[in-house]
Amino acid sequence: MMVILKKDCENILSTEVGIEESILDSLRDQICLIDATGSILFVNNEWLQFALRSGETLASYGIGMNYLEQCENEPLLHQGLRAILTGQKDSFNFEQSCHSPTIKRWFLMQATPLQTEGFIEGVVIRYVDITKQKLLELQLKELAEQDPLTSLYNRRYFMEQLAKASDCARHDGRFLALLCIDTDNFKAINDTYGHPAGDHVLKELANQLKEGTRLVDTVARIGGDEFAILLPDITQVEVKLIADRLLLSIQQLTIHYQDCLLEFTVSIGGGIFTDKMPLTSMMELVDKSLYIAKDKGKNKVVIS
């Protein structure tokens with residue numbers, strides 16, 4: 001049942017508006033009205049029920065509370081509502097997450113001014129549940145960016161991040177490093193044990209690369225058995241240390257697949273770059289380093 005503070009609303013809600021309580025309460029969207037000071041004047045039933053389901057109290061989001069004060073921790077939301085009240089905007093949309101420990105939910109807040117005889121008296125706020133749409137967007141984004149076998153980033157995403165990181169390094173004057181990792185004699189694994197065994201090796205290798213790098217690094221599978229790591233804001237000593245550690249951990253990695261024990265090595269080529277080096281030159285230098293590592297007998301690290 002709509003809770004209405006009639007005394008506060010009688011100068012705002014006119015008979016021309018023609019909004020019946022039963023209509024508002026039948027909507028699945030959350031709706032409330034705030035006055036020019038930000039105080040909540042009325043809410044529909046869905047607003048109240050969602051607040052209770054989310055563990056909130058009516059003391060926080062019920063009638064009489066100041067909604068603008070509740071939004072101060074979201075500066076963009078607060079500014080958008082203020083812009084409507086001052087006439088700077090005639091509408092405002094704001095996407096907001098409202099996750100619980102067990103459920104992920106997203107809402108689109110739509111705010112429009114409530115006007116009486118040309119004067120802005122308040123704001124009508126509507127929250128629309130966009131969870132299904134958001135989950136689909138995230139799923140599509142994951143498919144576009146992620147390698148399906150290893151769950152690492154794919155080549156397209158990696159190249160986008162490399163271009164961005166290169167621009168940032170050029171702007172900030174910081175060093176940027178790139179490593180390319182190629183599995184030694186991978187074809188022999190596929191030929192001897194089958195492609196499922198080869199896929200298993202790639203998954204384990206991907207896990208090892210993730211575990212052996214920093215949180216700020218970007219690890220990707222850029223080819224069949226070829227991987228790449230983008231390492232921003234790093235020194236040459238640190239790059240060599242990470243690459244050597246990866247090489248050693250992979251040497252010591254033993255993979256059990258069915259009744260077989262799979263062992264393998266990798267070759268690593270890398271480089272560290274300044275703000276003056278073009279992106280194409282970076283890639284060529286790293287490819288050359290990887291070729292040298294292979295030519296030296298594989299299972300080697302070469303950093304240019």
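Here is a short walk through this predicted model, one selection at a time.

**Stop 1: the aromatic cluster**

Start by selecting Trp 47, Tyr 67, Phe 107 and Tyr 127, and show their side chains; together they make up one aromatic cluster. The structure as a whole holds five aromatic pairs. Zoom in on Phe 107 and Tyr 127: the ring centres sit 6.5 Å apart and the planes meet at 80°, so this pair is edge-to-face. Phe 107 belongs to strand 5 (residues 106-116) and Tyr 127 to strand 6 (residues 119-129), so the pair ties together parts that are 20 residues apart in sequence. Switch to a surface and look for both residues: Phe 107 is buried at 6% relative accessible area, and Tyr 127 is buried too, at 8%.

Next, pick Tyr 153 and Tyr 157. This aromatic pair is stacked, with 4.1 Å centre to centre and 20° between the planes. Are these two buried or partly exposed? Tyr 153 counts as partly exposed at 31% relative accessibility, while Tyr 157 is buried at 13%.

**Stop 2: a nonpolar patch**

Keep the surface on and select Leu 136, Leu 140 and Leu 143. They form a nonpolar surface patch with about 310 Å² of accessible area together. Leu 136 is in helix 7 (residues 131-145), and its 46% relative accessibility makes it partly exposed. While you have a helix on screen, a reminder: an α-helix has 3.6 residues a turn, so residues three or four places apart point the same way.

**Stop 3: helix 10**

Select residues 195-211 to bring up helix 10. Its 17 residues reach 24 Å from the first C-alpha to the last, close to the 24 Å expected at 1.5 Å a residue. Which residues of helix 10 are buried? Colour these: Ala 197, Gly 198, Val 201, Leu 202, Leu 205, Ala 206, Gln 208 and Leu 209.

**Stop 4: Asn 185**

Finish at Asn 185, in the loop between strand 7 (176-183) and helix 9 (186-193). With a relative accessible area of 49%, Asn 185 is partly exposed.

Technical notes
Residues numbered from 1 in each chain as written. Predicted model: local features only at pLDDT ≥ 70, side-chain atom pairs only at ≥ 80, totals over all residues. Heavy atoms only, no water. Patch = residues over 30% accessible without salt bridge, like charges linked within 9 Å, V, L, I, M, F, W, Y side chains within 5 Å. Areas by Shrake-Rupley, 256 points an atom, 1.4 Å probe, with all protein chains shown as cover. Salt bridge = Lys/Arg side-chain N within 4 Å of Asp/Glu carboxyl O. Helix = DSSP H or I, 4+ residues; strand = E, 2+ residues; numbered from the N terminus. Buried < 20%, exposed > 50% of the residue type's maximum accessible area, 1.4 Å probe, protein only. Phe/Tyr/Trp six-rings, centres within 6.5 Å; stacked < 30°, edge-to-face > 60°. Expected span 1.5 Å × (residues − 1).
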